[in-house]
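Subject: Structure for your review

Hello,

Please find the structure below, followed by my notes on what was found in it.

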Amino acid sequence: MTTTNELGSTTLLVLAEGDTAGAVSHARGHLFEVFVAKLLESYGYEPPTRSTVNVSSNGIELDVVTRARLDGRVAVVECKAYSQPVAAKEVTNFYGKLTLERFNNPGTLGLIVAVPSLTADGEQFVRSILEKDQNFKYLHAQAIAAALLAERIITPHPAPTALDSDFAIIVTKHGTYSAVLDVDPSSRLPTRVVAWSAQGNVPEPVLELISTSPYAQGLPVHDARINAVEAVEVQETADAVVLATVVSSKSDFQYQLPAGPKYFVGRKVSLDKLAGYVATGTRVVILNAQSGWGKSSLALKFAASIESDGGLAIVMDTRTAASSRYVVEVLRRACDDASRRGLLTLPSNASWASLPSAIATIRGLEWATPAHPVLVFFDQFENVFRSPELTQAFRDLALGMQDVPGHFMIGFAWKTDLVGWIEGHPYQFREDIRSAAETIVIDPFGSGEVSTIIDRLERSVKIKLGRDLRSRLREYSQGLPWLLKKLADHVLHELEGGSSPEQLLAESLNIQGLFDLDLAQLDPESLEILKHVARYAPIPAGEVTDRYAPEAVQALVDRRLIVQIGDRLDTYWDTFRDYLNTGRVPLEDSYILRSAPNQIARMLPLVMKNGGMATVSSLATQLATSDNVIFNLSRELRLFGVTQYEPLTVTISESIMNAPDPEAAVRLKITAALRRHRALSTFSEIAQKNDGYATSEEFAHALPSVFPAVSVTGGTWLGYARVFLSWFEYAGLASRRGGHWALQGDAESTNRQRLLSQRSPVRSRPGVPQEAPRRPLAMLARIGAGEKLRLPSNGTNDRDAFRTLAALGVATVSDDGWLVPVPPTVFDSDGSLDRGALLKRLEQVPGGSEGIALLRESPEAAPLAVGSAIRDAIGAKWTDSSTHGVGGYFRAWAKELGIRVESVPRQKKPERGQSIS
């Protein structure tokens, strides 16, 4: 005897009341235990001796130990009542536990109860077990229904119709009941829930429990024995569901929308993979990429290829999804459209009453010959993850479609940079979808794809952009399709407005600047509307127009700052929305630096001498170079905010010229700019994986991932890496330690290179002293006392003493050749030496902190031990003789600056190249 039509799946609902979610879960678990005990009794088992119940978002799980009444053998039972078929791995796990139990009790019986059933591979695995193991049993929902019918715990529908769907066994504290969904013969949508009892009427509390459950979907609930002959008015539940497809661009540079198939570029590997999945009958695919990397564009292009081959494809914008009913309505629309095209025939008893019946309907489709695929792609999927109910519905769809025959494919697209849950049901649902799918990870555009877009831009503006502007577009785009189109659109409008490529090169083409430009053109009311939409997106359009003037909202839609998706409004890009909400752009800057600080330091002092402004031609003459070299140097300084654009001139920014300490202001600007750069975060990631150190070669190897749209040789990447590292060192963000570079997070720069004043005639790198402290400290005292000292001659002891002070970063040479202190100075107000401040400088140079730390811990540390600590810290390759010498000098400096240093027995200094055993 059947309880419902063959499309409707049988399910088990355990419904309970409670004041809290925890109380409801506890009550449901207890009811399930009682129900299973009665069920086992009907199969010849004694009441359970031991049980463990778990109620989760997946459903209810129950482990039971009992005995067979006939022979007293132990029986191990595992029950799982889920919203979707139970996976094969659950059977595997259970059978493994059963096998272990049989080591102690060889005759142990095993029973697995899976509601509604097992997946196809699970069913196959169970059949293989049943063929060999007579002490193993499997029960699914329909078998349970049959057993309950035999025991007259439930009865057949007292007034069945041809289209009853989704038969349910209802377990409550009041008893066990039955229910079905009535389906309209025309629309095949559910119209009401009909429930009945084996004896008498269904109690009112049970009807209330059913009506508030997801099973009822908000439909009216009737007792079959009371309302069996009453006519039911059809309720079009689909009317409440808004379906919107993804809208594509109508031009190459319409950045507010994903690229239409006509304007699509590249992605051949991904398209070939998707075509292969269609050919092999893959049921579920996922597109993963970060925001703005082209997931929607690829989904639209894939859909277009399905359509061109005679199939049907729709790409849905899931930002209108508000309930689990959305999933069913999308499937219904796809099947109805495909049926109208003659691609398939719906089964005579098709039902769209619920997701299980919808999947059963798809399972029963008759496909035309030759068959053409049907694709449903769910895009903008991050919105779904906000709702556990929605996420679970999509999870059930993905799992339910795995073993469906035919040519129906489901696709999902979501961000890999989604910050979401790492535990609990939303995260687990997402991982369940991933486990049921083939995943394609989309990379940024490569050099060839970016070239195609830039070539199209050149054709649009009908002028050559020039190598430099093309290079800047490559670098700033980061290979992100959306960002490249945004930049191209900006360049297009600027050139059409009369700007030259040279003027565009003067701009900092970063994304925050473009966002600021968008906002600068808005009046206060429009800006308020935009921020309101960003805060609550996706927000119903009616809520916005009730609050603000509809024409002002429409103006933002017309400008594409706001996009309409069905009945909802959102900003044109989620990164733009984040910027409106936080004031920050999550994308880092990505320009290549090609000029090192020492190159910049040749030019800027000449500009400073000329009052902060100098012509390009005059600078080129003084430096014996070309105008183009000067222009390139100035352009990199504009990226840092050090210079500002003036035609044919190099002009230092007013904020620097007016600063009390212009040199410090320059360093501060450059440090801030580098902190926003992807190159620094990439270097940091490498260093953090290697105890804080990285080589220039390792950094160069990683740079292509920072600039995916740039294609150069390995040697060029190494050159770029060295330039970046020199700037990191200048800013105090990294320091050289022998052959390695160390990450510094506090921007305490020991690099005293100056960009605005003439280069010091004494070349020295930050480092520990290489001589005893007597002469350097005497020279420093004279400088502090205000004595006018000229730079000593080469080859003299005083020259070596000054080089030591320069290496410590406490003295330098002024433009007119005098020895002067480097701010902040290491002198007290009266000019006397502040030994604490000098000690701090000593600790800041590479290896200094390690040497001081050793002496503080072990004042008796010998010169070789101190020198070894410094050598290891900076990665130097000194001989033991050199190491001993450095350690001895360092001990003397530390003692002079107030560190307790104890004498050690005098040892013979090792010969050069020899080691001490």
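A residue counts as buried when its relative accessible area is under 20%, and as exposed when that area is over 50%. Phe 167 and Trp 196 are both buried in this sense. Please note that the model is predicted.

Confidence. The chain has a mean pLDDT of 86, and 93% of its residues reach 70 or more. Over residues 1–7 the pLDDT is below 50, and this stretch makes 23 contacts in the model beyond near neighbours in sequence. The pLDDT also stays under 50 over residues 418–424, where the model has 9 contacts beyond four places in sequence. Where pLDDT is low, the predicted coordinates should not be read in detail.

Aromatic pairs. The structure holds 33 aromatic pairs. One of them joins Tyr 95 and Phe 136, an edge-to-face pair with 5.5 Å from centre to centre and 80° between the planes. Tyr 95 belongs to helix α2 (residues 88–104) and Phe 136 to strand β6 (residues 136–140), so this pair ties together parts 41 residues apart in sequence. Phe 136 is buried, with a relative accessible area of 3%.

Phe 167 is in strand β7 (residues 165–172) and Trp 196 in strand β9 (residues 190–196), so the pair ties together parts 29 residues apart in sequence.

Ring pairs also link a cluster made of Tyr 255, Trp 482, Phe 515, Tyr 572, Trp 573, Phe 576 and Tyr 579.

Charges over rings. Arg 667 has its charged end over the ring of Tyr 730, 4.3 Å from the ring centre. Likewise, the charged end of Lys 788 sits over the ring of Trp 818, 4.5 Å from its centre.

An open sheet. Three strands form an open sheet in the order β24-β26-β25, with antiparallel pairing. The edge strands, β24 (693–694) and β25 (734–737), each pair on one side only. β24 is joined to strand β26 (residues 740–743) by 2 bridges, and these two strands run antiparallel. Tyr 693 has Ala 742 in β26 as its bridge partner. Helix α27 (residues 678–688) packs on the sheet and touches β24, β25 and β26; the direction of α27 makes about 100° with that of β26.

Regards

Notes: Residues numbered from 1 in each chain as written. Predicted model: local features only at pLDDT ≥ 70, side-chain atom pairs only at ≥ 80, totals over all residues. Heavy atoms only, no water. Pairing = 2+ DSSP bridges. Helix = DSSP H or I, 4+ residues; strand = E, 2+ residues; numbered from the N terminus. Contact = heavy atoms within 4.5 Å. Axes fitted to C-alpha atoms, helices over the stretch in contact; angles between N-to-C directions. pLDDT = per-residue confidence, 0-100. Phe/Tyr/Trp six-rings, centres within 6.5 Å; stacked < 30°, edge-to-face > 60°. Buried < 20%, exposed > 50% of the residue type's maximum accessible area, 1.4 Å probe, protein only. Lys NZ or Arg CZ within 6 Å of the ring centre and 35° of its normal.
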